[in-house]
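Here is a short briefing to read alongside the model. Have the viewer open, and we will go from the overall fold to individual side chains.

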Amino acid sequence: MDLQDMVGEDLLFVRTAKETYRDMVRYFETHDFTTARMLTSILAIHEEHAEGLTALLIGLTPPLQG
């Protein structure tokens with residue numbers, strides 16, 4: 001497994017985590033506003049992390065040969 005594969009797997013994990021946090025935020029918005037706000041903050045951190053991983057993955061991808 002090379003670095004590009006590892007970053008890709010990490011990005012997949014972060015995307016899955018983001019979906020889970022979005023679901024939890026939707027649930028807690030109607031049940032516990034404080035928890036919903038906390039989860040929204042965590043979701044924002046995961047979104048930033050995903051952006052960084054995407055940029056890194058783009059930088060690791062070799063250019064297309066044409």
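Of the contacts in the chain with a separation of 6 or more, 68% are between residues 24 or more positions apart; contact here means heavy atoms within 4.5 Å. This is a predicted model, in which local features need pLDDT of at least 70 and side-chain atom pairs count only at pLDDT 80 or more, while totals for chains, interfaces and linings use all residues. Residues are numbered from 1 along each chain as its sequence is written, and side-chain values use heavy atoms, with hydrogens and water left out.

**Overall shape**

- The chain has two helices and zero strands, where helices (H or I, at least four residues) and strands (E, at least two) are DSSP runs numbered from the N terminus.
- With a radius of gyration of 16 Å, well over the 11 Å that the globule rule gives for 66 residues, the chain is more spread out than a compact globule. The radius is taken over C-alpha atoms, and the rule is 2.2 Å times the number of residues to the power 0.38.
- Along the principal axes, the C-alpha atoms fill a box of roughly 55 × 20 × 20 Å.

**Surface and charge**

- Buried residues make up 20% of the 66 residues. Buried means under 20% relative accessible area, exposed means over 50%, and partly exposed lies in between (1.4 Å probe, protein chains only).
- The accessible surface of the chain is about 5,000 Å², and 61% of that belongs to carbon and sulfur atoms. These areas come from the Shrake-Rupley method with a 1.4 Å probe; for residues, only the protein chains shown count as cover.
- The chain carries 5 positive and 11 negative charges, and their mean positions are 7 Å apart. Lys and Arg count as positive and Asp and Glu as negative, with His and the chain ends not counted. Each charge is placed at NZ of Lys, CZ of Arg, CG of Asp or CD of Glu.

**Salt bridges**

- How many salt bridges does the rule give? The count is three, a salt bridge being a side-chain nitrogen of Lys or Arg within 4 Å of a carboxyl oxygen of Asp or Glu.
- Glu19 and Arg22 pair at 2.6 Å, N to O; both lie in helix α1, three residues apart, about one turn of the helix. Glu19 is partly exposed at 42% relative accessible area, and Arg22 is partly exposed at 25%.
- Arg22 also forms a salt bridge with Glu47, their closest N and O atoms being 3.4 Å apart. Arg22 lies in helix α1 and Glu47 in helix α2 (residues 33–60), so this pair ties together parts that are 25 residues apart in sequence. Glu47 is partly exposed, at 28%.
- Asp23 and Arg26 meet in a salt bridge of 2.4 Å, N to O, and they too lie in helix α1, three residues apart. Asp23 is partly exposed at 43% relative accessibility.
- Salt bridges that share partners join Glu19, Arg22 and Glu47 into one network.

- Lys18 lies in helix α1 (residues 3–29). Lys18 is buried yet has no salt bridge, and Glu47, the nearest side chain of opposite charge, is 5.1 Å away.
- Leaving aside neighbours within four places in sequence, Lys18 is in contact with Leu43, His46, Glu47 and Ala50.
- Asp10 is also found in helix α1 and counts as partly exposed at 30% relative accessibility.
- Not counting residues up to four places away in sequence, Asp10 touches His49 and Leu53. Asp10 and His49 are 39 residues apart in sequence and 9.8 Å apart in space, C-alpha to C-alpha.
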